[in-house]
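Please look through the structure shown below, chain by chain. The explanation after it is meant for a reader who meets this structure for the first time.

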Amino acid sequence: MCLAIPTCVEQLIGKDSAIVNLGGVRKEVSLALIEDVAVGDYVIVHVGFALQKLDPEEAAQTLALFAEIGGAAPE
Amino acid sequence: MKYIDEFRDGALAKNIAANIAREADPQRRYHLMEFCGGHTHAISRYGIADLLPANVRMIHGPGCPVCVLPAGRVENAVQLVQMPGLILCCYGDMLRVPAANGMSLLKAKARGADVRMVYSSADAVKIAQENPQRQVVFFAIGFETTTPPTAVAIRQAQALGLKNFTVFCNHVLTPSAISHILQSPEIRQLGVLTLDGFIGPAHVSTVIGSRPYEYFAEEFQKPVVIAGFEPLDVMQAILMLVRQLNEGRAEVENEFSRAVTRDGNVKAQQLVAEVFELRRVFEWRGLGLIPYSALRIKAQYADYDTELRFDIPALSIADNKACKCGAILRGVKRPQDCKLFGTVCTPDNPMGSCMVSSEGACAAYYSYGRFREAA
Amino acid sequence: MSTIKPNYTRPLDFKHGRVDMTHGSGGRAMAQLIDELFVAAFDNEFLRQMNDQARFPAPQGRMVMSTDSHVVSPLFFPGGDIGCLSVHGTINDVAMSGARPLYLSAGFILEEGFPLADLKRIIESMAQASRDAGVPVITGDTKVVEQGKGDGVFITTTGIGVVPEGVNISGERARPGDKILVSGMLGDHGVAVMSLRENLTFHTSIQSDTAALHGLVADMVAAVPDIHVLRDPTRGGLATTLNEIARQSAVGMMLHENQLPIREQVKAACEFLGLDPLYVANEGKLAAICAPEDAERLLQVMRAHPLGRDAAIVGEVIEDSHCFVQMETAFGGRRVVDWLTGEQLPRIC
């Protein structure tokens, strides 16, 4: 149940909204379901709401896992 | 696009595919179910099946909320919107779902009903604000990813003191569905279907966290790997499941660690708990009645409950007798096994739930993969 | 002394006036609308004759005729409007046969209450597009329908043209081994229009690519007279166009996803809405199918033209009794690029 996309927070609007940017396309989304969002954070957006922040370190680690050449068990 | 393109890299896909091929034991078969419709879609759209060895087989699960919504509920919506002056707001996915007598919300719209597609529940609230003289109903569907936005909409309507806004609540729960599958006769008694492990949904898990899956892993001794939404995520999760199965483990692992934590989004969970409560039982299209699998609006938000404001009869509309959706949703049969598939039942003329949404197993296979059989 | 000014009629109020039923009734009001708006904007010898029909000498060669109705909503969008769209659309349909477009006709259905200011903007845009393309609108018609029975304005344009000798471009001529080319970035028009639909508000700088392609086609045909197929991927996008051709020619096709030219913003907008760029409309692009030995030359000729700068070879025609259009995904797998089911609707899941 999933169409949700990672977008970059470009601008905060009031307490509960933000403009996010994906590849140059901008949209206003609600922050009602999330806390502590700052400009520059990446958030996952679903039906106009930000659901969760993306953790850049975990993302980098996951990408590194993809590149592992076989055999090594994941941490 | 950051956090999207890197996770679709073809070179990395080859690498993971090589890992899977190397580590999959040629002496055994691996039957893995991806629960979430978004994963079904990704597997089909990127042709992931082409990159897996023959003994690793993906089985499509019932994680498509459009597919599992009973035709009776859609018929309720179609009847509602024919009330004079009523505006029905829904997500795009719902417009073509067939109800009774070949009707759908799109066809009702063509006959003059005021059906409006919205991108967000907040848009429905706005429409209610702008049309105070008319009743506005928001047709809410979805698993745990989509439920918090509905909760926000109801609270917003309350804060605005809206008297003309109600929600027709059809939200369903992931863990109940997984449980139901694992307890189905084909698995428990008949041994007809082997299900070795699950790929857990991506965005549902950002909300509910990884904790709820621990019960299944423990109780049914099946590994669960929560996977992100991109094709590389799905492939890595398949590799992690193969590893668990080879090592005899049955744990919950989280491949989507960049967005999923063990606790999930607590704020969203609390909001949902405030507005909704469990229904004792709910009918799922193709799966029948499942206890404690769906939500309804709590008494203190009764003013925003469509089922209290209007008379919504419980309609039971059976699927075509030859339709194999129930078996397909449980993973026991494949789309190709259904007589109606590709002949009477196509995306343009769907007969059952699996063809209705672009993520249903039959629709995904028809749109992206049917060249495989034909070859 | 009479205060009646000889031959004086109050000019139409283009600032605040609206279309009303008299403008379609055939009487004085309609004649005034035609004169002060349509004839004034299109201004050519044919229209100035003020007949119900236009006379012209028979062109030499095989003739081509095409018609298109335009019901786009919203009427004005980034990069264009229903007016220039209706001119480009029909010119392109004629040009896709390899023909040189000669003349256009235009029929209008106006809704009672439609602002004359908007109508003027649309007609002037049409006239400009017609002048730029060198294809005059030589005859037309206007009707008015009651308020609520039209979407502001519907336009139907018909075009005729002449096909040069030795050119035989048709949908059933695709052969296994042929190369498939597109003239540029896919999906611009659909995204530009969708960004204005209410309830889908997202902000992009994408403009519609609406353009007349007959100049590009003329260059292409001059360099490679034996082009097999030309078609412009409008509604339903490139996927629909290629499926049509595959069926007509009884062949299959194989596309390569990483060769498809698509703007970053179009990809992003499609991600937001859950749409596939292959199914999104284009109004200033064409798909071409030619013999493999002609492909490189055709590509160079296209890229040399302003409307073909981003042209690319995107796939090839193959043997396939099922007539599937398939694609090698950027990911390394394969999928079918099927016919469009119903209308492309944004999804949540």
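This is a predicted model: local features need pLDDT of at least 70, side-chain atom pairs count only at pLDDT 80 or more; totals for chains, interfaces and linings use all residues.

Residues are numbered from 1 along each chain as its sequence is written, and chains are lettered from A and ligands numbered from 1 in the order in which they are written.

Chain B holds 18 helices and 13 strands; helices (H or I, at least four residues) and strands (E, at least two) are DSSP runs, numbered from the N terminus. The radius of gyration of chain B, 21 Å, is close to the 21 Å that the globule rule gives for 375 residues, so chain B is as compact as a globular protein of that length. This radius is taken over C-alpha atoms, and the rule is 2.2 Å times the number of residues to the power 0.38. The C-alpha trace of chain B spans about 65 × 45 × 45 Å along its principal axes.

Within chain B, the axes of helix H2 (residues 37–45) and helix H17 (residues 361–369) come within 9 Å and cross at roughly 15°. Axes are lines fitted to C-alpha atoms, for helices over the stretch in contact, and angles run from 0 to 180 degrees between N-to-C directions. The crossing angle makes H2(B) roughly parallel to H17(B), a term for angles under 35 degrees. On the H2(B) side the contact is made by B:Thr40, B:His41, B:Ser44 and B:Arg45, and on the H17(B) side by B:Ala361, B:Ala364, B:Tyr365, B:Tyr368 and B:Gly369. Two residues are in contact if their C-beta atoms, placed from the backbone, lie within 7 Å.

Chain B also touches chain A, with 46 residues from chain B and 34 residues from chain A. H1(B) provides the largest share of the chain B side, 7 residues. That side divides into 24 nonpolar, 15 polar and 7 charged residues. Here Ala, Val, Leu, Ile, Met, Phe, Trp, Tyr, Cys and Pro count as nonpolar, Asp, Glu, Lys and Arg as charged, and the others, Gly among them, as polar.

In chain A, strand S1 (residues 5–13) runs antiparallel to strand S4 (residues 42–46), joined by 4 bridges; two strands pair if DSSP finds at least two bridges between them. A:Ile5 has A:Val45 in S4(A) as its bridge partner. S1(A) is also joined to strand S2 (residues 17–22) of chain A, antiparallel, by 5 bridges. S1(A) and S2(A) form a hairpin with 3 residues between them, and A:Gly14 in the turn has a positive phi of about 60°.

Chain A meets chain C as well: 11 residues of chain A are in contact with 14 residues of chain C. Strand S3 (residues 25–30) of chain A gives the most to the chain A side, with 3 residues.

In chain C, 7 strands form an open sheet of mixed pairing in the order S8-S10-S7-S11-S9-S12-S13. Strand S8 (229–231) and strand S13 (334–336) of chain C stand at the edges, each with a single partner strand, so one side of each is left without a neighbour in the sheet. The twist averages 25° from one strand to the next. Strand S9 (residues 252–256) and strand S12 (residues 325–328) of chain C run parallel and are joined by 4 bridges. Helix H9 (residues 295–303) of chain C lies across strands S7, S10 and S11 of chain C, running at about 5° to S7(C).

How values were computed. Angles under 35 degrees count as roughly parallel, over 145 as roughly antiparallel, 65 to 115 as roughly perpendicular and the rest as oblique.
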